[in-house]
Amino acid sequence: MTAEDWADAALAALGEGGLAAVAVEPIATRLGTTKGSFYWHFANRDALVEAALERWEQACTEAVITAVEAETDPERRLRGLFAYATAAAADDPLEVSLLATAADSRVAAVLRRVTERRVGYLAGLFAELGFPEAEARRRGLLAYTAYLGHAQLGHAVPQNLPGPADRDRYLDSVLDALLHRAHTGAHRTGTEAE
């Protein structure tokens, strides 16, 4: 077993049962190995938790950003990222579990870094699409909160989200709203049309 195998198994346990589920003996059983393998790689459980959180940050933020960077068009990159991230969150309860354990200082620290990185990346996409910096940041934050809300609902009350036949159309409408530019010029009154 490698340290990465242990970290991946710890992430799986965390997704299934929260931070309390990250325990050496059950993870060793899951991996079909002994506690001795654990102590070969880690000094204690806290070190395993830290390694698992770093692994999540790398795999679910940095690797995803690297992958979507292959698309040169920022709008297609944004749409592809949103579709990928919402589908991944629907399949894996880990992100929702991490949010539920944000009171833990280790989890809080990684969530702060990941949130800032993700919102910053989204803001960069909106800036590439021509939005001024402050507006790009605001829209990046809105896109991220839409993603988190979608992930939370997907695990808590999935029947409230559109079914598979309407999912893509729904996600496109969310991004259409985020990409919409308000008309500038004269102030509108209640009787004026856009």
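1. The largest pocket has a volume of about 430 Å³. This value comes from a predicted model. The lining comprises 22 residues, of which Cys60, Ala85, Glu95, Arg118 and Tyr147 are the closest to the pocket centre.

2. Two or more lining residues come from each of α4 (45-68), α5 (74-91), α6 (94-100), α7 (105-128) and α8 (133-156). The biggest share is that of α5, which supplies seven residues. Sorted by class, the lining has 18 nonpolar residues, three charged and one polar.

3. Five aromatic pairs are found in the whole structure. One of them joins Trp6 and Phe38 in an edge-to-face arrangement, with 5.4 Å between centres and 65° between planes. Trp6 belongs to helix α1 (residues 3-17) and Phe38 to helix α3 (residues 35-41), so this pair ties together parts that are 32 residues apart in sequence.

4. Trp6 is buried, at 0% relative accessibility. Phe38 is also buried, at 0%. Phe38 pairs with Tyr39 as well: the ring centres are 4.8 Å apart and the planes stand at 80°, so this pair is edge-to-face, because planes over 60 degrees apart count as such. Tyr39 itself is partly exposed, with a relative accessibility of 48%.

5. Trp6, Phe38 and Tyr39 belong, together with Phe42, to one aromatic cluster.

6. A separate contact involves a charge and a ring: Arg181 lies over the face of Phe131, at 3.9 Å from the ring centre.

Key. Residues numbered from 1 in each chain as written. Predicted model: local features only at pLDDT ≥ 70, side-chain atom pairs only at ≥ 80, totals over all residues. Heavy atoms only, no water. 1 Å grid on protein atoms, 1.4 Å probe; cavity = no way out; pocket = protein on both sides within 12 Å on 5 of 7 lines; lining within 4 Å. Points joined across faces, edges and corners; volume = space filled by probe spheres on them. Helix = DSSP H or I, 4+ residues; strand = E, 2+ residues; numbered from the N terminus. Nonpolar A, V, L, I, M, F, W, Y, C, P; charged D, E, K, R; others polar. Phe/Tyr/Trp six-rings, centres within 6.5 Å; stacked < 30°, edge-to-face > 60°. Buried < 20%, exposed > 50% of the residue type's maximum accessible area, 1.4 Å probe, protein only. Lys NZ or Arg CZ within 6 Å of the ring centre and 35° of its normal.
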